[in-house]
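User: Hi, could you walk me through a few features of this one?
Analyst: Gladly, let us take it piece by piece.
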Amino acid sequence: MGQKLSCLDILKKRRESVSDIDITARIRNIDAILLATPDETDAGSSAVLGVQRVDLCLQDNHDEHHTSHFAAASFKEALIVRRGEPFRLRIHFNRDYSPSKDAISFIFSVADDVKPSPGHGTLMALVPHDGIDYLGDALEWGAGIEAHEGQTLTVLVKPPVSCPVTEWRLDIDTKLLGDGSRSYQVPLPIYVLFNPWCPDDQVYLANREQRKEYVMHDTTLIWRGSYNRLRPSVWKIGQFERDVLECSLKLLGTVGRIPPAYRGDPVRVARALSALVNSVDDDGVLLGNWSEDFSGGTAPTKWTGSAEILQEFHRTQRSVKFAQCWNFSGVLATISRALGIPSRIITCYSSAHDTQASLTVDVFIDANNKKLDAETTDSIWNYHVWNELWMQRPDLGIGQYGPYDGWQAVDATPQEASDNMYRVGPAAVLAVKHGEILRPFDCGFVYSEVNADKLYWRYNGPSQPLKLLRKDTLAIGHLISTKAVLKWEREDITDTYKYAERTEEERNFMLKALKQSRHAFSRYYLNDSFNEVEFSMELKDDIKIGENFSVILKVSNKSEERVYLATGQLNCDAVLYTGVGAQEVKVMGFEVDLKPQTTEYVRMEVTFDEYFEKLSSQASFQISAACKVRDTDYDYYAQDDFRVRKPDIKFQFGNGDVPVVAQQEVDVIVRLENPLPIPLHKGLFTIEGPGISQPLKFKISEIPVGGTAAATFKYLPPYAGRGTLLGKFVAKELDDVDGYRHYEIQPRPEDLLQPNGNLRSSNIIRRRTDVIP
């Protein structure tokens, strides 16, 4: 027998090709084969070679295919492999295998395909050839005999890099030349996934650290808040948790309705994911809710991760209530990583929702300086969260600025219909940056989200002309953010979506995009070139919830001679993070005499008592100022977002920062200070982290003013490596409070290198994903 090779070494030793065997010769009486039981034999075939059992070499295969962390792998419920790389099977027969008289073939079929066929790539018969030096072209199935010892045959099987990503069934057909046949069905399912480690796969990601972050890491950060108050929240991706992979694979066929033959195309899969994660068209995973009434379900701010959501959907097959944009994005990231497509979560601050595909956000103001909600259908979200998935885009070819491979924007939040379904993408980020809004799919919508112009119009009635009060080219698309690779900090990726504001390139590509738009908003003349009185709004960024805050308008007279009178009003509204659903908190009118070369300040104080009862769960405000300068035609209108900061949950190990060691119990203390000038009632901590199978919940009946809520629990870290504990807190008076603690779990002393230089075998599986390139 030759030297035993690891499966990952096999493809590196490719040599000359062997002749192919016609597929019709491989599939012999396929209907009978698929229906046969393990014990079934043809008449007079007692001498036919019989399969007694098949060793799927689960530990070796899962290590080499980076799938050992999946729950189904841990519980030995399935063989989970990645396409384009070989996996090993060890077959045990009822007698010695004789190559001269025994024939063996492997019949692979897609489990949920009613009529699998070779033409669709959902049915394949393989006759293993002798040797493993060459297992066929990257686009072909291949099988080779690695070793033969008496009644045992060891075989390597390679799915092609275009293999449908789904659940497969394997039947092994044996035949004695001239004397009947037998069939054996392998009892465990085989899950074939995308392979970002394989250079021939369409989702190949060359950077090793990025593969760790975007495929293997099961916890991430999602940025929320507003552009002047960025707030990271921890989200448990949980792609390896119980039932998550099974649910993800099943969704492609049931809700996503992707025919089995097309489940290997990441472009088609990504487009389906953007629709199936929401429930609008197809009773998908999550039901959106942007009100403040979440009765009958879970408030979006209370979810801590995706696993619980997908597990509930897998169990009930009903849309889970409720979600907003970051929940949709978190679940889509989980499904993508489970399937093997590198993915990350993106936040865009001041993100536009352009309902008319005009590439502008149009705000209409009446004569009393009130926004007209009926006419203003566009909106600006404090932040919006979507995904990027990594893949090649052969369907787009090569454009003026190169191929469109790489990150693709995919958005599962249901905002506007695309091809009659609520979905967005995949949109090549490179195409978005260069204003190519007609490229598939939905590049125009994503372009508006990050780079629309905001226009304020004076609307005096349907028969009156519009007056453009102000054009703001800087309002949209700030601080586009994602979690940094292998770091718990923010990475700014704004320059991947747009050129820097105020640059010639940015304006040129905006004009290019407008020329392609069929619904570009008509341009009206601007205000007179009056510039002797200037207005600017000032807001203090770091205001804690419970504190009062001020809105300040700075008014300056630049004239050296003339006195002006400025009038107007300041408005403070409590809004949802989507910028809609305004509740008036306070309005203050003003009148200011401006002497030449002077500056005056208009201040409006907003107290806790004034805003608390009207505050939404995400503590967002919309501040606006509307002003006129008497005896001129000049109107000024400005609008800004503002958010009060909520406290963070603090984690502590033991009485101080004690070491955290795998499989050694440690006390964890969770604390939260009450920031409000009123007591908190009916408090609840929810805690998740590695080794915590179900979220821990701790009730706190009351927290007095200035008091601290605390809970203690015993924590058993499951393995050595990086870990993150994340917490949520809600109370009757305060919700959407979170926090996290990132830490290193040290190995047990007995798991460290032994004197002979070998690792204990219990650690090998856990660490393989960190050491295999």
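User: Let's start with glutamine 52: is it buried or exposed?
Analyst: In this predicted model, glutamine 52 is exposed, because its relative accessible area is 51% and exposed means over 50%.
User: And where does glutamine 52 sit?
Analyst: Glutamine 52 belongs to strand 1, which covers residues 51-55.
User: What does glutamine 52 touch, leaving out residues up to four places away in sequence?
Analyst: Glutamine 52 touches His92, Phe93, Asn94 and Tyr184; tyrosine 184 is 132 residues apart from glutamine 52 along the chain, yet their C-alpha atoms are separated by 8.5 Å.
User: Switching to helices, at what angle do helix 7 and helix 10 pack?
Analyst: Helix 7 (residues 244-253) and helix 10 (residues 325-339) pack at about 95 degrees, and their axes are 9 Å apart. Helix 7 is therefore roughly perpendicular to helix 10.
User: Which residues make that contact?
Analyst: Helix 7 contributes Val244, Leu245, Ser248, Leu249, Leu251 and Leu252, while helix 10 contributes Thr334, Ile335, Ala338 and Leu339. Sorted by class, eight of these residues are nonpolar, two are polar and none is charged.
User: How many bridges link strand 31 and strand 34?
Analyst: Strand 31 (residues 564-575) and strand 34 (residues 620-629) pair over 10 bridges in the antiparallel sense, and cysteine 572 has isoleucine 623 of strand 34 as its bridge partner.

Note on methods: Residues numbered from 1 in each chain as written. Predicted model: local features only at pLDDT ≥ 70, side-chain atom pairs only at ≥ 80, totals over all residues. Heavy atoms only, no water. Axes fitted to C-alpha atoms, helices over the stretch in contact; angles between N-to-C directions. Helix = DSSP H or I, 4+ residues; strand = E, 2+ residues; numbered from the N terminus. Parallel < 35°, antiparallel > 145°, perpendicular 65-115°, else oblique. Contact = heavy atoms within 4.5 Å. Nonpolar A, V, L, I, M, F, W, Y, C, P; charged D, E, K, R; others polar. Pairing = 2+ DSSP bridges. Buried < 20%, exposed > 50% of the residue type's maximum accessible area, 1.4 Å probe, protein only.
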